[in-house]
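Open the model in your viewer, with the sequence panel beside it, and follow the stops below in order.

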Amino acid sequence: MKMITAIVREEKLDQVREALIEAEITRITVCRVSGHGRQMQESIHRGKKVVPNLVPKVRLTIAVNDAFVEPTCKAIIGAARTGSQGAVGDGKIFITPLEECIRIRTGETGGSAI
């Protein structure tokens, strides 16, 4: 089992969600977040360091069984990328091991709980 965390542009949320549904990934959690990466680097203006503002983004968290990692990532990349080449600020995907999953209602554990 893996936990996929994707940070994408706010305006791409609907496209990403639709792409995930087409890939038969229907269980997601979405949070609004702020941050910056390469698109916002420190600059010097009139001799003073200027710290960049935080950029609004959306974080998707998706727990999947191992067989669904690649289709999930492909769906997110295809929908979140700007144009054919992409652009700075399109986002990131993090894949981390998921030790356990427990469905509270039934007590199921492991992959069947996802």
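Throughout this tour, a residue is called buried when its relative accessible area is under 20%, exposed when that area is over 50%, and partly exposed in between, using a 1.4 Å probe and protein chains only. What you are looking at is a predicted model, in which local features need pLDDT of at least 70 and side-chain atom pairs count only at pLDDT 80 or more, whereas totals for chains, interfaces and linings use all residues. Residues are numbered from 1 along each chain as its sequence is written, and side-chain values use heavy atoms, with hydrogens and water left out.

Begin with the whole chain in cartoon view. Two helices and six strands make up its secondary structure, where helices (H or I, at least four residues) and strands (E, at least two) are DSSP runs numbered from the N terminus. Their order along the sequence is β-α-β-β-β-β-α-β. The protein chain is more spread out than a compact globule, because its radius of gyration is 17 Å, well over the 13 Å that the globule rule gives for 114 residues; the radius is taken over C-alpha atoms, and the rule is 2.2 Å times the number of residues to the power 0.38. Along its principal axes, the C-alpha trace spans about 60 × 30 × 20 Å. Of the 114 residues, 29% are buried.

Next, select Ile4, Val8, Val16, Leu20, Leu60, Ile62 and Ile76, which have the most contacts inside the largest nonpolar core, a set of 18 residues. A nonpolar core here is a set of buried Ala, Val, Leu, Ile, Met, Phe, Trp, Tyr and Cys residues joined through side-chain atoms within 4.5 Å. Colouring by element then shows that strand 1 (2–9), helix 1 (13–22), strand 5 (55–64) and helix 2 (69–80) each give two or more residues to this core, with the largest share, six residues, coming from helix 2.

Centre the view on Val16 and display its surroundings. Leaving aside residues up to four places away in sequence, Val16 touches Leu60, Ile76, Ala79 and Ala80, a contact being heavy atoms within 4.5 Å. Now move to a second, separate core of five residues, among them Met1, Leu98, Cys101 and Ile114.

Finally, select Glu18, which lies in helix 1. Is Glu18 buried, partly exposed or exposed? With a relative accessible area of 46%, Glu18 is partly exposed. To end the tour, draw a distance from Glu18 to Arg103: the two are 85 residues apart along the chain, and their C-alpha atoms are separated by 25 Å.
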